[in-house]
Amino acid sequence: MILEIRKWYRSKRIFLLIFICSLMGISAPLFTYYSKDILKNMGGYDASNILLPPTWISATASYFKNVEQVVVFIVIFIVVETCLLGKNESLKLFYKTNAKTPSKIYTPKLSAGLLFSFLGLLIGDLLNTYMLWALFDNKVHFGHLAIALTIQMIVFLILIVLGATIGIYTSSAFLSAVVVEGFLIITGLLSNVALFKNWSPMLLLSPIQFLSTNVEVDQIWRPLIVGCIVLILCGILIKR
């Protein structure tokens with residue numbers, strides 16, 4: 001795994017990942033907070049009648065959407081790129097002759113990818129939290145925010161594992177990112193269907209509901225069980 005960490009550093013992928021997550025963490029609260037002024041300057045009219053006053057909850061919801069629509073796609077693409085062996089036939093032969101099972105090849109690569117994915121999103125979360133504190137001061141409920149960000153992080157890492165597994169089997173970083181984003185879009189469209197609402201972990205990537213209310217175990221145990229099943233299946237597929 002140390003070798004894989006060095007590869008991340010030498011290829012500058014870690015810096016790109018951190019930059020993307022940091023940009024989302026900073027821009028989402030800023031855009032939400034100044035959206036009326038931005039629209040007024042662009043359109044020349046007062047947007048106060050069409051936009052609700054910005055709140056820390058709406059700013060965090062915007063950050064969640066950015067993570068769902070932008071960060072997940074880019075991070076899966078980057079992680080899968082590091083997991084694939086590429087087109088170098090000699091490198092493929094080296095890995096396959098020195099590893100008894102595929103897991104010996106992919107586990108260190110995926111572990112390094114998960115480590116840096118966690119680090120990148122954590123930095124984005126911390127920057128988002130700071131921006132909320134700076135813009136909305138004492139209106140932020142940091143307890144609810146911390147719980148929501150933790151839930152988001154868990155689902156985010158599950159999606160990275162899922163995307164990496166798809167990428168390993170399809171040998172395509174772009175296709176794996178598109179497939180996961182497709183799952184997110186379909187889940188969002190079916191969010192009002194009881195089966196998806198109660199069981200899909202993907203809906204917890206944007207846990208907006210927990211920003212204003214306490215988390216009830218009944219709201220998260222089913223999606224987390226499904227998430228654990230997904231991780232187990234991915235682990236089995238990677239080891240084969």
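**Ground rules.** I'm working from a predicted model, where local features need pLDDT of at least 70, side-chain atom pairs count only at pLDDT 80 or more, and totals for chains, interfaces and linings use all residues. Residues are numbered from 1 along each chain as its sequence is written, and side-chain values use heavy atoms, with hydrogens and water left out.

Most residues other than glycine have a negative phi. I looked up Lys 12 and found a positive phi of about 70°. Lys 12 sits in the loop between α1 (2-10) and α2 (13-33) (helices are DSSP runs of H or I, at least four residues, numbered from the N terminus). Ser 171 also has a positive phi, about 60°, and lies in the loop between α7 (142-170) and α8 (173-189).

I checked exposure too (buried is under 20% relative accessible area, exposed over 50%, partly exposed in between, with a 1.4 Å probe and protein chains only). Lys 12 is partly exposed at 47%, while Ser 171 is exposed at 54%.

**Cysteines.** I searched the whole structure for disulfides (cysteine sulfur pairs within 2.5 Å) and got zero. Cys 83 is buried at 0%; Cys 228 is partly exposed at 45%.

**α7 against α10.** The axes of α7 and α10 (residues 217-239) come within 10 Å and cross at roughly 30° (axes are lines fitted to C-alpha atoms over the stretch in contact, and angles run from 0 to 180 degrees between N-to-C directions). I noted the pair as roughly parallel, the label for angles under 35 degrees.

Definitions and conventions
Helix = DSSP H or I, 4+ residues; strand = E, 2+ residues; numbered from the N terminus. Parallel < 35°, antiparallel > 145°, perpendicular 65-115°, else oblique.
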